[in-house]
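Please look over the model first.

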Amino acid sequence: MEELRRSYSRLCKESGAEPQEGVLQQLHELPRGRLDLATQSLTVDTCRALGKLLQKEALLTQLVLSDCMLSEEGATLLLQGLCTNTTVRFLDLKGNNLRAAGAEALGKLLRQSKSIQSLTLEWNNLGTWEDAFATFCRALASNGSLQQLDLRNNQISHKGAEELALALKSNASLQQLDLRWNNIGLLGGRALVNCLPSNRTLWRLELAGNSVPGDILRAVEQAMDHNQDRQTTFRENQARAHVLSKEMRHLREEKSKQFLDLMETIDKQREEMARSSRASAARVGQLQEALNERHSIINALKAKLQMAEATLALSEQKAQDLGELLATAEQEQRSLVQRQAKEHRLEQQEAAERESKLLRDLSAANEKNLLLQSQVDELERKVKSLQEQLFLTRQELTNTSAELKMRAVQAEERLDLEKKRSRQSLEDSEQLRFKEVEHMTRHLEESEKAMQERVQRLEAARLSLEEELSRVKAVALNERGQAEEELIKAKNQVRLEEQRLAHLEEKLRLLAQARDEAQSTCLQQKQTVADAQARASQLGQQVEGLRRRLKELQQELSNKDQERVAEVTRVRVELQEQNGRLQAELTAQEALKEKAAALERQLKVMASDHREALLDRESENACLREKLRLKEAEITRIRDEEAQRASFLQNAVLAYVQGSPLRALSPQK
């Protein structure tokens, strides 16, 4: 620790600055590779010295720089020093108001560093500058070591969230991401949800305080749960594969040990036989006088030889049993081949059934399209009725204007007669009436145009919504049918593979028992043959008159030995063949287990994708239904308003005509 202080002081003096006391104190303590400079106001010179110190420092694993009021230049110098560091795992830059230059320096750090696993950037302003934040996100996409990232309160907008979504599609190491209290909104939430199916490592994503709808938050939670399940299954599969590999190595070691022990015992027996034959040849001359006394012993030896022959016959019978076992195994293999052919035919039948089901679904979709077409025709009839009502109101307006003009002509004639008496009042009334008529006509034209535009927009929106709804329903039905069929097929295959695996394990156990019994019988035969050879050699030394008989016995013993060696070699070859077959079966079992694991992973992925797609489609359908309901309500409201406005206009015109001073002068109809 003293060396770190001296290095820091030397670097500060080289740059012409005084070392800070707080930094010196923290460098002196330095508990367990953790440098905590939180709430220390670090100058640019201090940041430069620390950056140079961190380039070669190999003891630090955690660096805390929260609330240090770092400037843009100081933060850049520190992060440049960390680019070449290979030991720092944890970096905390909370509350330093990092901006564009800081975001670019962080992007460079993520591109070059291979050691940082946790990065805390809470309470900064990285998202305010979109270009710099995009650079940071591109660096995050290429990083392969970062596992935890904290971006709370960084002013990240929906565009920044889209850049993060692009980065998450390529990143394969990040596991935890905290985006709380930003400005992501609906668009950013959708971008993040769309990127999650491509990311298989992220299992924690926080989006609270971002004005993100609840359905998007639920979709994010489901994606995170899915990634957690995937990681747990991956770890379980790795553990199972490790255990199986250990068992395989243990079995191979045991088999190799047994084979080596068998070869050693065979070599020892050969050496003992050679030594006994040499000793018997040397002691034949000394045992000529004891020939008459050992006749009974020779008879006993013959009996024991007969017993040895009987044991050899038993070993041959066991070898035949092993051959029968092999024949039964081959027959079972042929039955497995036939069963697989039957399964293939069943799969073809299921494919035909699926095609028929798809055809039925297609006919149902066509019927739904016809129903929707009838609804469209009904809406078109309603629009035509509205247009006819508008035309009638327009005709009524023209009639009223013509009637008003006629009354105005009559009023002018009467005004000429009584010009002196009512000139001023008539001029005022005419001006007021013309203004009201012009105002009403202008208002009616504007409302008619607005209504026509609304009707056109609503018609276009309705058509687009109906097309999208039909397309989404068809896609959802197809995906659901395919996913259910693939799920059933995968479950059946997994069940068949498990049954086959259990059958192969039982066969392996039976073959191991048969091999152990054959080895025990071989050892017993070797022991009895060795005893018989020793006694024969001892008796051969005592017998000289019957040397020919002894030679014949030795010849028989050598023949028996050759037959035994041939039998042992044959059994060893059979055991080697059995071991090869067992190893091939074990490799096949491993391949089947890998296939089953791959199928399980694919099944989980497809189920999660299908579930997410169904949720998205259901939310979109609900939104579309709500929009359609709102549009229909708006159309009814507009229709009511127009009818009410026409009634108001008619009442106003009648009231004006009845209340005008000209009505007293007009003749009765």
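## Basis

This is a predicted model, in which local features need pLDDT of at least 70, side-chain atom pairs count only at pLDDT 80 or more, and totals for chains, interfaces and linings use all residues. Residues are numbered from 1 along each chain as its sequence is written, and side-chain values use heavy atoms, with hydrogens and water left out.

Helices (H or I, at least four residues) and strands (E, at least two) are DSSP runs, numbered from the N terminus. Axes are lines fitted to C-alpha atoms, for helices over the stretch in contact, and angles run from 0 to 180 degrees between N-to-C directions.

## α1 against α3

Helix α1 spans residues 2-14 and helix α3 residues 44-56. Their axes lie 9 Å apart, at an angle of about 130°. That makes the pair oblique; angles under 35 degrees count as roughly parallel, over 145 as roughly antiparallel, 65 to 115 as roughly perpendicular and the rest as oblique.

From α1 come L4, S7, Y8, L11 and C12; they meet T46, A49, L50, K52 and L53 of α3. Contact means heavy atoms within 4.5 Å. These contact residues divide into 7 nonpolar, 2 polar and 1 charged (Ala, Val, Leu, Ile, Met, Phe, Trp, Tyr, Cys and Pro count as nonpolar, Asp, Glu, Lys and Arg as charged, and the others, Gly among them, as polar).

## α6 against α7

Helix α6 (residues 130-142) and helix α7 (residues 158-170) cross at roughly 15°, and their axes come within 8 Å. So α6 is roughly parallel to α7.

On the α6 side, the contact is made by E130, F133, A134, C137, L140 and A141. K159, G160, E163, L164, A167 and S170 contribute from α7. The residues divide into 7 nonpolar, 2 polar and 3 charged.

## L63 in strand β2

L63 sits in strand β2, residues 62-64. L63 is buried, with a relative accessible area of 3% (buried is under 20%, exposed over 50%, partly exposed in between, with a 1.4 Å probe and protein chains only).

Leaving aside residues up to four places away in sequence, L63 touches L35, L54, L82, V88, F90, L91 and D92. L63 and L109 are 46 residues apart in sequence, and their C-alpha atoms are 14 Å apart in space.

## Annotated region

An unreviewed UniProt entry lists residues 298-332 and 362-641 as "coiled-coil region". UniProt positions are in the numbering used here, feature names are shortened, and annotations may be inferred rather than shown by experiment.

In the model, residues 298-332 are 100% helix and 0% strand. The end C-alpha atoms of that stretch are 51 Å apart.
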